[in-house]
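Subject: Structure handover

Hi,

Here is the structure I said I would pass on. My notes follow below it.

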Amino acid sequence: MAKPAEPDWIAALARARSHAPFLARALERQPELDALLCDGRCEEALAWTREQGESADDPAVALRRQRLGLATTVAIADLAGAFDLARVVRELTDFADHALDTAIRIAISERTGERHADGMIALALGKQGAGELNYSSDIDPILLYDRERLPCRATEDPGEAAQRYARRVIKLLSDNTPEGYVVRVDLRLRPASEISPLVVPVGTARTHYQGQALAWERAAFIRARAAAADVAAGEAFLSEISPFVWRSTLDFGAIEEIRALTLRIRQSNEGSLKPGPGFDVKRGRGGIREVEFFVQTHQLIHGGRDRSLRVKGTRAALDALAAAGRIEAAEAEMLGVAYDRLRTIEHRLQMVGDRQTHSLPDGAALDNVAWLDGLGSGEVLVEELSEITACVAGSYDRLIGDPKPQAARPASPAPVIEQIGDLPLPERISGHEQLAERIEGWRDGRYQALRSPQALAAFDALIPVLAKAFVEADDPEHALARWERLLEQASSAINLFHLLKARPALLSRLVSTLTLSPTLADDLGRHPGLLDVLIDDSSMELPGSVSELAALMRQRAPRDDYEATLDGIRQVTSEYRFALGVQLIEARHNPPAIACGLSRLAEAAILTAAQAAEEEFARVHGRIADNELVILGLGRLGGGALTHASDLDMIYLFSGDYSRESDGKRPLGGTLYFNRLASRVTAALSVPTAQGALYEVDTRLRPQGNQGPLAVSIEAFEKYQKESAWTWEHMALARARVLVGPDAARARLAQVFSDVLAQPRDLEEVRTAILTMRGEMAEHKPPRGPLDVKLLRGGLVDVEFLVHCLQLQHASRLAPVEPSLLSQDLPEAIRALQRHGLAPEALLPAYLLMTDILVAGRLLAPDGLEPPSAAGQALVRACGRASYSELLNDLAVARSSVAHAWAQTFDQTLETDNE
């Protein structure tokens, strides 16, 4: 073997200054480093770099200076031949690990003063996990947290703290300042990234990887490594999910997914198909990714039974595969050498301007890259790349073979164009050929649900009926796109295809769901398991009682696992909300019944979340004897009439003596205890998990609004309401209802509500306050369209303001007060006002119609604008009208009735608009 050439530092520095503007500027900014490198003292240069990071007061500046010094030193050592590729990528990876760990510890320390990062896990994936980072790589960590061990402020929920830490870490590392950046952070590889928070609870991640993860995630975890923060916990987590990655049986279905992914990457690559200007050395045919996929595919097939293949680095894996006899030694050597050279060229491309680029430039810029590498011209570089990529592509082509073997994907019994050729197409569909091509594309193996012969046979029988259903939809393009998203997410659909063929009504239900309501279509795309709701006829029944729903939510998490309980709440809630939406668009039940069902569902979620949060909180802080959390629902939640778009308006109170202390290992005083517990309940209801988000929680109606504490004692609440609350707060109190709390607290608060609402008032003062509020709302929140029945003048806001005004004005004058007059149920309150001659007869039917439109419109016309034809007809059916024109006419009459009642009550003409 020839002796390696001595490093040529002078030539390397000259090439860097001439052909890499980034390196030239970096050397100019760091003259001491330049001098060390001129003398070939690279180890001293690395030590100098570390010192620069330690000398700056601002940690963000320190990391950026350290990164600049490291990138410069490693690049020059690489160009000089002093560092081989393995040393280059190891230095870059070690720094990324250090920077990520440092940023996490800084984020925690800034908020808590703690210097440890226990309970915060940073898993490195991709090239960082493999120890193979390049000069301008993103890092793709997955951040997890253990809520029992994560440091956080006493008043802060661990889940909320974890998200704050993540945002701070991204800012510390990725912001491009005058000092540069440290490393770009991409968190999209986390479980269910489209719906999950930036940092995922350990329990949620465990559940995801043990039952819901996709094949590409298995491939990604081949190179996963606990890289920063609580490394021991990270290693324990990886060990726990190891069976997910390394399966003892061959999983060729998963291999097919990896093959299909590679083919899609090839097909979507917009650069040159062969080396030359525009060729992508990472994604292009025969490029870096194909070597990596070659290795990972073999590891997925054989690594479950052969532990020697469970290595992370690409070169190490190639050597292990050859040693195990899985590939020929000559092929492993060829791919290894090719991989090293491709990575080196990738580095040269990135050294020029410190950019995350993988594509060859053209003209003089291509020559410049070649000269930086020490070659004579860009043409020489292209010739070398052509030989390398041809060899790599040949190996990979032999591995993936035919991605669509006929045994697995039989041809349609007749060409799709023949099956749909007689179908009359609306103008919105461009032509039979284009539609046929699109449908045929679904059969090419890209979708897991359409890979088995049985699934394809069932699907082929469905094509004519399915195509007809889509082209007859209001918006065929959106229907097709949403169907494709559903196929992409679903793991199996054989039973669905058979059912759709046998039960045309079910197909109609599916297409209606995909086309009539964007909200329901999006839900189905995110959670294909909701298809079971469409199939099961019992799901078309209204949900049971609050206690029955709460019991079902707890059953979804049989083990004592807080995160699993939160997922159970979300699973049950999403299923029932989806089912209620389908019931509404099919007019199975009227909108008031749907609204009541949504309210019972929300109450069950609140009750279950509060119980789970209390149990979890008590593990650390214990309980306070004779003190309990109380939760009030207000607005539509209090009135039991939620829509699919409703927030949860809530107030947290607590019963008992606020001066008492809890009995746990970390005791808290009463006020702090219940404020922290309330924050935990809010997070349980609102923070996304792997199952997605649940509700938006609005606590601004609490005493003193956002300026006040989150939870106050019942005594403080009563005092505030009786002595300090504004008129609008008493209006809100008219729809307050206790959702969680002991019987004694419920009885006491019912008396508080009655006392406050029935206290004597100045009639003119009440009227003036309400007119002022309504005027401000009209100015700042105009209606969005002709169906925005909430904000239109003469709409629901006017009805609610009118009713609350009459309640506040007359409750004290009607002794004894009729309970129904102060009912949280607005229709009941209106009827009571009518019995006393205080409200016109037309007010109730007006309110009921507009409530129907609101509840149905949140799904069928969510923007308040006129919906498409079919959605409009569904809205008409839901509201019990014969035609859309009749609905609009009745709405106009209803608004006119409200306007008339408003004018009588406020001695003010209210002109409804013409929207």
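Strand β3 (residues 142–145) runs parallel to strand β5 (residues 199–201), and 3 bridges join them. Keep in mind that this is a predicted model. In that pairing, V199 of β5 stands opposite L143.

β3 also pairs with strand β1 (residues 120–124). Here the sense is antiparallel, over 4 bridges. L143 of β3 stands opposite A122.

Next, the two faces of β3. Side chains in a regular strand alternate between the two faces of the sheet. In β3, I142 and L144 lie on one side. L143 and Y145 lie on the other. Those four residues are all buried, so both faces are covered, with buried meaning under 20% relative accessible area.

The largest cavity holds about 150 Å³. It is lined by 14 residues. Closest to its centre are R67, L92, N134, Y135 and V182. Two elements give two or more residues each to this lining: α5 (59–80) and α6 (85–112). By class, the lining of the largest cavity has 10 nonpolar residues, 3 polar and 1 charged.

Last, a helix. α36 covers residues 796–810, which is 15 residues. From first C-alpha to last, α36 reaches 21 Å. That is close to the 21 Å expected at 1.5 Å a residue. α36 is also mostly covered, with 15 of its 15 residues buried.

Best wishes

Definitions and conventions:
Residues are numbered from 1 along each chain as its sequence is written. This is a predicted model: local features need pLDDT of at least 70, side-chain atom pairs count only at pLDDT 80 or more; totals for chains, interfaces and linings use all residues. Side-chain values use heavy atoms; hydrogens and water are left out. On a 1 Å grid over the protein atoms alone, a cavity is a set of points where a 1.4 Å probe fits but cannot get out, and a pocket is an open set with protein on both sides within 12 Å along at least five of seven lines; lining residues have an atom within 4 Å of a point. Grid points are joined across faces, edges and corners, and a volume is the space filled by probe spheres set on the points. Ala, Val, Leu, Ile, Met, Phe, Trp, Tyr, Cys and Pro count as nonpolar, Asp, Glu, Lys and Arg as charged, and the others, Gly among them, as polar. The expected span of a helix is 1.5 Å times one less than its number of residues. Buried means under 20% relative accessible area, exposed over 50%, partly exposed in between (1.4 Å probe, protein chains only). Two strands pair if DSSP finds at least two bridges between them.
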